[in-house]
Amino acid sequence: MRSKYLVGVDGGGTKTIAVAANEYGTVLAVERGDGINYNTIGMEQARSNLKDILDRLQARINGECAEVTVGMPALDMPADQELTSLFAGSSFDANLLDLQSDAYITLMGFTLGKPGMIVICGTGSILLMVDEQKRQHVRGGWGYLLGDAGSGYALAIGGLQAAIREWENVGSKTALSEAAMTHFKLSHPRDLINVVYSPKCTQAEIAQFGRIVLKCCESGDEEAIRVTRSSMAAIAANAAEMINRVPEANQVGIWGSVLTNNACAREFFSKELLSRCPQAVIIRPEFPPELGAVIHSMSKQGSLRDEALKNLKESYAEQKA
């Protein structure tokens with residue numbers, strides 16, 4: 001009888017990583033490939049990209065796949081049967097697919113299925129909570145047009161608006177003005193219009209200026225501090241509201257480049273959340289999202305034990321070495 005294995009997928013907009021592990025938590029193989037966000041590249045291309053990754057993964061394993069849990073960037077809640085079948089098409093067995101949000105598998109990387117919340121601040125932002133009944137609750141994630149507080153994009157726009165105010169002599173002097181000129185290679189401030197409204201300019205490219213805002217914040221620039229504090233306070237308010245409604249989910253994981261790579265952003269977020277919600281416990285997830293997807297499957301299969309979690313961590317580190 002062929003041994004069975006589980007596959008966890010952290011799907012992204014530009015890159016995807018898939019991990020296969022057996023029921024004992026031993027990681028058997030890891031593969032990477034292109035993004036699978038069907039909201040941006042279409043269902044057919046997303047399906048094709050995932051199939052390419054999984055075909056390469058499964059070619060390296062002697063066994064039978066029991067389930068594939070996919071953290072899908074196009075979702076903020078679990079996919080229903082109709083959507084799962086639509087995505088599967090003729091390429092996958094829909095019965096083997098479990099399509100979750102990428103936020104959910106990140107959450108599973110530190111709660112291991114217990115109540116808690118994940119706050120993700122990367123290019124975009126989103127908050128996801130799971131309560132004692134395993135119900136999922138989502139806040140944020142409205143996208144860049146409607147507002148993603150705490151995201152790199154929101155920080156970038158706030159920083160650029162501060163620069164514009166100085167350029168137009170209605171705002172405070174700020175290092176963000178010169179930083180914007182340099183970052184976007186502008187000869188004149190109004191050249192920024194042509195850059196950001198160009199069809200070739202993506203949300204992710206604008207969001208990169210958010211890193212500059214955070215650097216200026218760390219350097220003590222008052223406008224950058226104001227932009228960062230305001231954005232972090234907004235997403236912390238959402239987190240506090242959710243915890244006050246569901247007190248058992250007071251374990252708060254932080255993820256994404258804004259919160260994990262910048263001390264100022266973490267400090268502003270943490271102070272605001274704890275001032276509103278002193279019982280909150282802020283943690284960094286122990287397992288990455290792709291292993292969070294495997295943990296979700298193991299929990300469903302009844303094989304999630306301490307020894308399996310230890311094996312996951314150790315064998316994945318060996319695979320990446």
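A negative surface patch is formed by Asp306, Glu307, Glu314 and Glu318. Patches of this kind are built from residues with over 30% relative accessible area and no salt bridge, like charges being joined within 9 Å and nonpolar side chains (Val, Leu, Ile, Met, Phe, Trp, Tyr) within 5 Å. For the charges, Lys and Arg count as positive and Asp and Glu as negative, while His and the chain ends are not counted; each charge is placed at NZ of Lys, CZ of Arg, CG of Asp or CD of Glu. The model is a predicted one, in which local features need pLDDT of at least 70 and side-chain atom pairs count only at pLDDT 80 or more, whereas totals for chains, interfaces and linings use all residues. Residues are numbered from 1 along each chain as its sequence is written, and side-chain values use heavy atoms, with hydrogens and water left out.

Glu314 counts as partly exposed because its relative accessibility is 42%. Here buried means under 20% relative accessible area, exposed means over 50%, and partly exposed lies in between (1.4 Å probe, protein chains only).

Turning to the aromatic residues, the structure holds four aromatic pairs. Rings of Phe, Tyr and Trp (its six-membered ring) pair if their centres lie within 6.5 Å; planes under 30 degrees apart are stacked, over 60 edge-to-face, and the rest tilted. The pair of Phe87 and Phe92 is stacked because the ring centres are 6.3 Å apart and the planes meet at 5°. Phe87 and Phe92 are both buried. By contrast, Tyr144 and Tyr153 form an edge-to-face pair, with 5.2 Å between centres and 65° between planes. Tyr153 counts as buried, its relative accessibility being 13%. Ring pairs also link Tyr38, Phe87 and Phe92 into a cluster.

Salt bridges were assigned when a side-chain nitrogen of Lys or Arg lies within 4 Å of a carboxyl oxygen of Asp or Glu, and the count comes to 15. Arg60 bridges to Glu31, with the closest N and O atoms 3.0 Å apart. This pair links distant parts of the chain, 29 residues apart: Arg60 is in the loop between helix 2 (43-58) and strand 4 (64-72), and Glu31 is in strand 3 (residues 27-34). Arg60 is partly exposed at 46%, whereas Glu31 is buried at 14%.

In helix 12, Glu272 and Arg276 lie four residues apart, about one turn of the helix, and their side chains meet in a salt bridge of 2.7 Å, N to O. Glu272 is partly exposed at 22% relative accessible area, as is Arg276 at 44%.

Lys313 and Glu286 form a further salt bridge, their closest N and O atoms being 2.1 Å apart. Here too distant parts of the chain are linked, with Lys313 in helix 14 and Glu286 in the loop between strand 10 (281-283) and helix 13 (289-301), 27 residues apart. Lys313 is partly exposed at 38%, and Glu286 is partly exposed at 49%. Finally, salt bridges that share partners join Glu31, Asp52, Arg56 and Arg60 into one network.

Methods: Areas by Shrake-Rupley, 256 points an atom, 1.4 Å probe, with all protein chains shown as cover. Helix = DSSP H or I, 4+ residues; strand = E, 2+ residues; numbered from the N terminus.
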